[in-house]
Amino acid sequence: MYGEQDTFDDQEGPVEPAVAHGPGAHRRPVRAGRRALLRGSIALGAAAVAGPFLLMASASAYTWTRTLREGMSGPDVKELQIRVAGWAAGSASQTFVTIDGAFGAGTTAAVKRFQAAYSLAADGIAGPATQSKLNALQSADGSTVHFNWSEFTNPPTGDFSGGKVSASTAKEYARRLMYKLEAVRVKLGNVPMTVNSGFRSIAHNRAVGGASDSMHLYGLAADLDVPGVANITVYRRAETSGFSGLETYTAGHQHVDSRAEIGRAWWWQDGTV
Ligand SMILES: [Zn+2]
């Protein structure tokens, strides 16, 4: 059942001008992300025509073509960054993995944490074993293994249209959220976790009383329900997972979002807990 009632207290912080600050904060035009997405699609298409064997593989896996290490750049590095973004920090820290396709120190550190969590040699280099684990997190429809697109789509329409960014951008942001949430899930001990509210159209957000510039309008936010786990615990795990918007853990759900990744100020309503 969709938790509409939970959204009424979804304040999502003050409406502030888009000022980037804090470690790792930056501005990145949405258009750049869309271009990269297109590049990714073209790369997948090229793999698909290479033969039936690759076609089968590409239906449920990203086609990694090289071992990735610090200093490299490209769309495959960008995809790596998306998939390890939930491992942004070892302890509560206002930082995130910049999704820019440039393999720097922050990406290395995140890869190491991902590797350690999945019992791989934590060398910060994404070779075949690490890439295999990264692909194991992906579902055939492009979502992740523990989350479904239907948890993130706008309830009245079942899609990603009508928000403050294009449907394709909102969907891509939701996909990035899924990988961060996979990390939070591991940090909580692989417990079941559902998303009560993901993307909302402007009309639906208004109908449920959401904040006027809610991160849900961009596909950048998720309201989490983790049965049997206190929201404060979810909040704490989110503090190490690259989330730049965290609503108070006393709410009926735990709101998390990635606002700093579109240049907004960090907002951890209860600070570091
Ligand atoms: Zn929310």
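In which loop does Thr 248 lie? Thr 248 is found in the loop between β3 and β4. This is a predicted model, in which local features need pLDDT of at least 70 and side-chain atom pairs count only at pLDDT 80 or more, while totals for chains, interfaces and linings use all residues. Residues are numbered from 1 along each chain as its sequence is written. Helices (H or I, at least four residues) and strands (E, at least two) are DSSP runs, numbered from the N terminus.

Two strands pair if DSSP finds at least two bridges between them. β1 pairs with β2 in the antiparallel sense over 3 bridges. Along this pairing, Val 195 stands opposite Leu 224 in β2, and Thr 194 stands opposite Asp 225 in β2.

Strand β2 (residues 221–225) also pairs with β4, in the antiparallel sense and over 4 bridges. Here Leu 224 stands opposite Gln 254 in β4, and Ala 221 stands opposite Asp 257 in β4. A residue is buried if 20 or more other C-beta atoms lie within 10 Å of its own, exposed if 12 or fewer, and partly exposed in between, with C-beta atoms placed from the backbone. Because 4 of the 5 residues of β2 are buried, β2 is largely enclosed by the rest of the structure.

Strand β4 (residues 254–257) has both faces covered: Gln 254 and Val 256 on one side are buried, and so are His 255 and Asp 257 on the other. Strand β3 (residues 245–246) pairs with β4 in the antiparallel sense over 2 bridges. In that pairing, Leu 246 stands opposite Val 256 in β4.

Thr 248, in the loop between β3 and β4, is partly exposed, because 16 other C-beta atoms lie within 10 Å. Two residues are in contact if their C-beta atoms, placed from the backbone, lie within 7 Å. Leaving aside its neighbours within four places in sequence, Thr 248 is in contact with Gln 269 and Asp 270. Thr 248 and Gln 269 are 21 residues apart along the chain, and their C-alpha atoms are separated by 5.4 Å.

Helix α9 (residues 231–238) has Val 234, Tyr 235, Arg 236, Arg 237 and Ala 238 as its buried residues. These buried residues pack against α7 (167–187), β2, β3 and β4. Axes are lines fitted to C-alpha atoms, for helices over the stretch in contact, and angles run from 0 to 180 degrees between N-to-C directions.

Another helix contact joins helix α3 (residues 75–84) and helix α4 (residues 105–117), whose axes come within 10 Å and cross at roughly 55 degrees. Angles under 35 degrees count as roughly parallel, over 145 as roughly antiparallel, 65 to 115 as roughly perpendicular and the rest as oblique. The helices α3 and α4 are therefore oblique to each other. The crossing of α3 past α4 is left-handed, meaning that the near helix is turned anticlockwise from the far one by less than a right angle. In α3, Leu 80, Gln 81 and Val 84 meet Thr 107, Ala 110, Val 111 and Phe 114 in α4. By class, this contact has 5 nonpolar, 2 polar and no charged residues. Ala, Val, Leu, Ile, Met, Phe, Trp, Tyr, Cys and Pro count as nonpolar, Asp, Glu, Lys and Arg as charged, and the others, Gly among them, as polar.

Two loop residues remain. Ser 119 sits in the loop between α4 and α5 (128–136). Although Ser 119 is not a glycine, its phi is positive, at about 60 degrees. Ser 119 counts as exposed because it has 8 C-beta neighbours inside 10 Å. Asn 190 lies in the loop between α7 and β1. Phi of Asn 190 is near 60 degrees, a positive value in a residue other than glycine. With 10 other C-beta atoms within 10 Å, Asn 190 is exposed.
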